[in-house]
Amino acid sequence: MIDTTGLPEQLRRIAKKVEDSERITTDECLVLFEEADLGFLGALANKIRNRKHGDKTYFNKNFHLEPTNVCLYTCTFCSYSRLIKKRGEGWEYTHDEMMDMIKAYDDQEVTEVHIVGGVLPQYDVEFYSKLFKAIKEHRPALHVKALTPVEYHYIFKKAKISYDEGMKLMMESGLDSMPGGGAEIFHDEIRDQIAGGKCSGEQWLEIHRVWHKLGKRSNATMLYGHIEKFEHRVHHLNALRELQDETGGFQTFIPLKFRNKGNQMEHIEESTVVEDLRNYAISRIFLDNFDHIKAYWPMIGRDTAQLSLAFGVDDIDGTIDDTTKIYTMAGSEEQTPAMSTKELVRLIKMVGRAPVERDTLYNVVNDFAGEELDDEGFKGYLSLPVIK
Ligand code: V47
Ligand code: SF4
């Protein structure tokens, strides 16, 4: 039982609901954002996390492919859009260049390629359809997790095809799942100010709905810690929870902390680690129909990723060893976002959790729970006591 002595009635009621595995309301979610302290939220979120997964903490072996870092949209939080004026300074890979990048991983045990980048006219339905087919032909077992409703909305509109037709075509070309990007904040009040004219919140949700109805899976994100208010976060989480009730197609929710370097919102101070942990915890408590909450470690750093495991998070993404620039450009500490399997296993074990390598669909690839820690070659990681 969580000790709620001395807490306001509203928080006691929420704690009781969590004890009884009952859903909390949007009003209660707002109360958590506005009033609950970190210790209380951690206790509740950790209870749910342990109930769902015990100590298991998932990661996967993947790599990123970014077709371009130039984008015709002008999202104020993104370091890519500013390059459109000086296009020559960015990259725009061809089909063959991308296939060479895929082939460079031929001798590595990666299970997934995550394709994400800017939006440009030459990357159209035909381009991506051909790319997905070529990847699958070359390496059928490699899971293609690619693009977001931002790209799909743009390319389907250009090709004058419906979301249904388009997503079916992508599936037939080899698309396996959709990552969670492009969600930002769904509420128009905020989206109109930050999302530079790209697809609306409704359109983002509709494309995921269509994809789920084809029997496919996807992830969801929320970009927080900029100009949004707590009520906008609640609205966003609720839209996701409602769609998940309808389709059950989301696997993971990934809160993305706004980083303020190299974009138009540099003047906005970044959220504190305490706020990041509160946000993970509240996401875990509210999204009762999501199996997983993921901390994207290249964005928040290794130390916060370790801490997050006591605040509802059960997944810390992958052993990314590529050139993912979107975050380093936006100010992430992780200048070389690479971690070997050994490092990831150690990171998780150091905070008393059980590392499990998964594939994209959460099938277990390797269970590292029994692995002994050795101290060779690991320096500079936060050594936390076991926090559960
Ligand atoms: O939609 C862009 C975000 C997202 C900034 O599904 C920024 O497994 C913070 O969605 N500060 C794309 N965030 C990445 C993404 C993702 C990442 C990892 C795993 C998965 C998954 C999905 O990156 C964009 C946007 O919300 N982003 N700029 C910034 N300055
Ligand atoms: Fe383009 Fe995506 Fe960046 Fe917006 S967030 S400018 S759509 S790359």
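These legends describe close-up views of a predicted model. Local features need pLDDT of at least 70, side-chain atom pairs count only at pLDDT 80 or more, and totals for chains, interfaces and linings use all residues; side-chain values use heavy atoms, with hydrogens and water left out. Residues are numbered from 1 along each chain as its sequence is written, and chains are lettered from A and ligands numbered from 1 in the order in which they are written.

**View 1. Helices H6 and H7.**
H6 covers residues 149-159 and H7 covers residues 163-173. Helices (H or I, at least four residues) and strands (E, at least two) are DSSP runs, numbered from the N terminus. The two helices pack at an angle of about 110°, with axes 10 Å apart. H6 is therefore roughly perpendicular to H7. Axes are lines fitted to C-alpha atoms, for helices over the stretch in contact, and angles run from 0 to 180 degrees between N-to-C directions. Angles under 35 degrees count as roughly parallel, over 145 as roughly antiparallel, 65 to 115 as roughly perpendicular and the rest as oblique. The crossing of H6 and H7 is right-handed (left-handed if the near helix is turned anticlockwise from the far one by less than a right angle, right-handed if clockwise). From H6, Tyr152, His153, Ile155 and Phe156 meet Tyr163, Gly166, Met167 and Met170 of H7. Contact means heavy atoms within 4.5 Å. By class, the residues of this contact are six nonpolar, two polar and no charged. Ala, Val, Leu, Ile, Met, Phe, Trp, Tyr, Cys and Pro count as nonpolar, Asp, Glu, Lys and Arg as charged, and the others, Gly among them, as polar.

**View 2. The loop between H6 and H7.**
Lys160 is found in this loop. Lys160 has a positive phi of about 55°, although it is not a glycine. Most residues other than glycine have a negative phi. Lys160 counts as exposed, at 75% relative accessibility. Buried means under 20% relative accessible area, exposed over 50%, partly exposed in between (1.4 Å probe, protein chains only).

**View 3. Helices H7 and H9.**
H9 spans residues 201-213. Its axis lies 9 Å from that of H7, and the two helices pack at about 55°. H7 and H9 are therefore oblique to each other. Their crossing is right-handed. Tyr163, Asp164, Met167 and Met171 in H7 meet Gln203, Glu206, Ile207, Val210 and Trp211 in H9. The contact residues divide into six nonpolar, one polar and two charged.

**View 4. Helices H4 and H5.**
H4 (residues 95-103) and H5 (residues 125-138) cross at roughly 30°, and their axes come within 11 Å. That makes H4 roughly parallel to H5. H4 passes H5 in a right-handed crossing. His95, Met98, Met99, Ile102 and Lys103 belong to the H4 side. They meet Phe127, Lys130, Leu131, Ala134, Ile135 and His138 in H5. Seven nonpolar, two polar and two charged residues make up the contact.

The residues around ligand 2 include Cys71, Cys75 and Cys78. Tyr73, Phe77, Tyr80 and Val150 are also among them. A residue is near a molecule or strand if one of its heavy atoms lies within 4 Å of it. The shell has seven nonpolar, three polar and one charged residues.

**View 5. Helices H1 and H2.**
Leu11, Ile14, Ala15, Lys17, Val18 and Glu19 are buried in H1. The buried residues of H1 pack against H2, H3 and H11. Lys16 also sits in H1 (residues 9-19), but counts as partly exposed at 48% relative accessibility. Its C-alpha atom is 8.7 Å from that of Ile2, 14 residues apart along the chain. Ser21 is found in the loop between H1 and H2. It takes a positive phi of about 55° although it is not a glycine, and counts as exposed at 51% relative accessibility. In H2 (residues 26-35), the buried residues are Glu28, Cys29, Val31, Leu32 and Phe33. Their cover includes H1, H3 (38-53), H10 (230-247) and H11 (273-286).

**View 6. Leu309 and its contacts.**
Leu309 lies in the loop between helix H13 (302-308) and strand E9 (315-318). At 1% relative accessibility, Leu309 counts as buried. Leaving aside neighbours within four places in sequence, Leu309 is in contact with Asn46, Arg49, Thr57, Ile316, Val351 and Arg353. Leu309 and Thr57 are 252 residues apart in sequence, yet 7.9 Å apart in space, C-alpha to C-alpha.
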